[in-house]
Amino acid sequence: MRRMVARLSGALAATLLMVSMAQAAPAAPAAKPQDLYAQNGAVKIHYVAEGKGPLVVMIHGFPDYWATWKPLMATLSAAGYRTVALDNRGYNLSDQPKGEAAYAMANLVGDVAAVIAAEKQKDAIVIGHDWGAAIAWNAAMSRPDVVNRLIILSVPHPAGMARELATNKAQQEGSNYARNFQKEGSEKMLSAEGLAGWVKDPAEKPGYVEAFRRSDFAAMMNYYRANYPRGTGEAAGPPQAFPPIKVPVLVIHGMKDTALNAAGHNGTWDHVAADTTILMIPTAGHFVQHDAEAMVNRTIKDWLDERR
């Protein structure tokens, strides 16, 4: 009996020792984000990757760079996703080809497809904000083979945008900035410090200024020259037909956005053959991923987990 008690006491002591060692052992450090590159023809695209799991490709807008997605990358990589965030062509560490034609939408969609291929995946969850959202919409329509889920921040479906430019005075006035950007020489009015003026986080702002100093301001304007609709009102032209989007879509919009009218999202569901979710956030502006960071990140994570 005494030998049995001794054996049990020894086993208990060993168990307690292992528990104690496990509790004392430091957690394994999280893998650092990787700087990687993809090739689309002659253009090299820089992107940052983090985590393991289903591939999520994030595309920024103007004026921005890959780091706008840091909080969402952290949320999704911790939840078991492989997150990658591009520097769009013309920005930061990606190549900066010259000329308006280099920024035609087909080339921008090709950059996204090149990143997915560089990750050795056939398709991905695609998330975009501002110009990144316009690219994401077009990727889902022109390259449906590479998009399996679509998440849009701020920018209406092209059909909704065209409708608002034709009929909505508020959107027409909100687009005046884009008309100015389309003018020759508009890039001469830009500076790295001015472009980073919207960044509220003092810890992040120096990174933005540095990224914009490395960027090509004419390239930024070429997004507008090559792709932004030029006509308004009667000059907007007849409605264009778009192929239906066949994957689930999540749209998030900050209703204080002065560049993009919330009404543009009306009827989005008419262009999507899968489930469509729209979240309107009345307290957020154009940079909704920052103005309502916690809500945006939680919503995206939960929406993706539900469709995993």
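Two strands count as paired if DSSP finds at least two bridges between them, and strands (E, at least two residues) and helices (H or I, at least four) are DSSP runs numbered from the N terminus. The model shown is predicted, so local features need pLDDT of at least 70 and side-chain atom pairs count only at pLDDT 80 or more, while totals for chains, interfaces and linings use all residues. Residues are numbered from 1 along each chain as its sequence is written, and side-chain values use heavy atoms, with hydrogens and water left out.

**View 1**
Let's start with β5, residues 124–129. On one pairing, β3 (residues 55–59) joins β5 in the parallel sense over 4 bridges, and here Val57 stands opposite Val126. Buried means under 20% relative accessible area, exposed over 50% and partly exposed in between (1.4 Å probe, protein chains only). Because 6 of the 6 residues of β5 are buried, this strand is largely enclosed by the rest of the structure.

**View 1. Helix α4 in a β-α-β unit.**
Follow the chain through β5, α4 (residues 131–142) and β6, and you trace a right-handed β-α-β unit. Right-handed here means that, with the strands pointing away from the viewer, the path from the first strand over the helix to the second runs clockwise. The 12 residues of α4 reach 16 Å from first C-alpha to last, close to the 16 Å expected at 1.5 Å a residue; the expected span is 1.5 Å times one less than the number of residues. With 10 of its 12 residues buried, α4 is largely enclosed by the rest of the structure; among the buried ones are Trp131, Ile135, Trp137 and Met141.

A nonpolar core is a set of buried Ala, Val, Leu, Ile, Met, Phe, Trp, Tyr and Cys residues joined through side-chain atoms within 4.5 Å. The largest one has 92 residues, and Ile127, Leu150 and Ile300 have the most contacts inside it. Its largest share, 9 residues, comes from α4. Contact means heavy atoms within 4.5 Å. Beyond its neighbours within four places in sequence, Leu150 touches residues including Val126, Ala136, Trp137, Ala140, Ile245 and Trp303.

**View 2. The protein chain as a setting for the close-ups.**
Stepping back, the protein chain has 12 helices and 8 strands, and buried residues make up 49% of its 308 residues.
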